[in-house]
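Have the viewer open while you read.

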Amino acid sequence: MRPLIADEAAIQRAAEAIQEGLLVGMPTETVYGIAADATNVHAVRATFVLKGRPSENPLIVHVADVEQALEVVSEFPDPARVLAQRFWPGPLTMVLPKSARTPDEVTAGLDTVAVRMPSHPVARSLIQLSGRPLSAPSANRFMALSPTTAQMISPEIAEGLALILDGGPCEVGIESTVVSVESDEVAVLRPGIISAVQISDALGRPLHTGAPQPHASPGMYRRHYAPSTRIVLVERLLPGQPGLTLRTPSEGQIQMPDQPEAYARRLYAALGELDALGLREAFVEAPPTGPEWDAVWDRLTKASSEG
Ligand code: TXA
Ligand code: MG
């Protein structure tokens, strides 16, 4: 399945495929996703099978507007309104109580559902044309790297898709920030390019940072986003020098940007390039610390985790 340039005709074909219960490769501003009609349990089950994903790991539902979000959730408390106003459309996912219309298959049996309103114009028009909320996990096999271009989608995944919409390289490059919103308490479950500081600034108060509940975040595996080359994090070798590197034992290095947004945008493609060299291990120079680097650290730690 070769990716199709996401023009109007291609998006229309994709919308029809969604309505028929098929799966579609969809660009978003974060990473490419496997889109399906979130109200069609057969399509949702097929998504889990194609990803090789454990069924206890719930999917994110993508909506075109707040009105559609209100059909997916049973409550939209004030903090959710504030965050939607500030960050939607964009790379923020909110976990909220689910409505009866959202199938248990999507939420892995939980009584909450993760919702986000993507900003990518192709994703938005696919949701609108199909007239359905779309479940969409990242378009990788379980534990593999999330694709940030249509070309990075692996043949095993592509095989199960009715078509892939090529919307160009993803602007953000890492998955959305996931927050849980429980009446008044907001907590970050997965760091992303929208940082905890930006979220607490928008709310005008600190976030909930207590110990996460045992099942608050299923699917938060210690190892994740993992290339098959062993990634070893090493200390910054040239403090104060702009630019960070991903280095291989023999074949030179990939220069990484020194700003967190640009670094995140480049990260998965760079790890994919390292992976393609078929090396046993590669070295990643540790980036700076600070809230704006949290999401990059999260992905690097997971990619380099042995467990
Ligand atoms: O940027 C993104 O979020 C991308 C694009 C395609 O939108 N999607 C994505 O989906 O990263 P996925 O399935 O790879 O990751 C979804 C994450 C998982 O870690 C899952 O545990 C969490 O969201 N999640 C989903 N529903 C949840 C729920 N009800 N409660 C807690 N966590 C939930
Ligand atoms: Mg994923």
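1. Contact here means heavy atoms within 4.5 Å, and helices (H or I, at least four residues) and strands (E, at least two) are DSSP runs numbered from the N terminus. On that basis, the cover over the buried residues of α4 includes β5 (92-97), β9 (177-182), β10 (185-190) and α8 (196-203). Keep in mind that this is a predicted model, where local features need pLDDT of at least 70, side-chain atom pairs count only at pLDDT 80 or more, and totals for chains, interfaces and linings use all residues. Residues are numbered from 1 along each chain as its sequence is written, and side-chain values use heavy atoms, with hydrogens and water left out.

2. Which residues of α4 (residues 78-87) are buried? They are P79, A80, L83, A84 and F87, where buried means under 20% relative accessible area, exposed over 50% and partly exposed in between (1.4 Å probe, protein chains only). They cover an arc of only 135° around the axis, so they sit on the same side of α4; the arc is that of the directions from the helix axis to the C-beta atoms. As background, an α-helix has 3.6 residues a turn, so residues three or four places apart point the same way. On the face of α4 turned away from the buried side you'll find the exposed D78 and Q85.

3. Have a look at the loop between α4 and β5, where P89 lies. The W88 to P89 peptide bond is cis, with omega near -10°.

4. Now the helix pair. The axes of α9 (residues 260-276) and α10 (residues 294-304) come within 10 Å and cross at roughly 20°; axes are lines fitted to C-alpha atoms, for helices over the stretch in contact, and angles run from 0 to 180 degrees between N-to-C directions. That makes α9 roughly parallel to α10, a label for angles under 35 degrees. On the α9 side, the contact is made by P260, Y263, A264, L267, Y268 and L271, and on the α10 side by V296, R299, L300 and A303.

Methods: Chains are lettered from A and ligands numbered from 1 in the order in which they are written. Angles under 35 degrees count as roughly parallel, over 145 as roughly antiparallel, 65 to 115 as roughly perpendicular and the rest as oblique.
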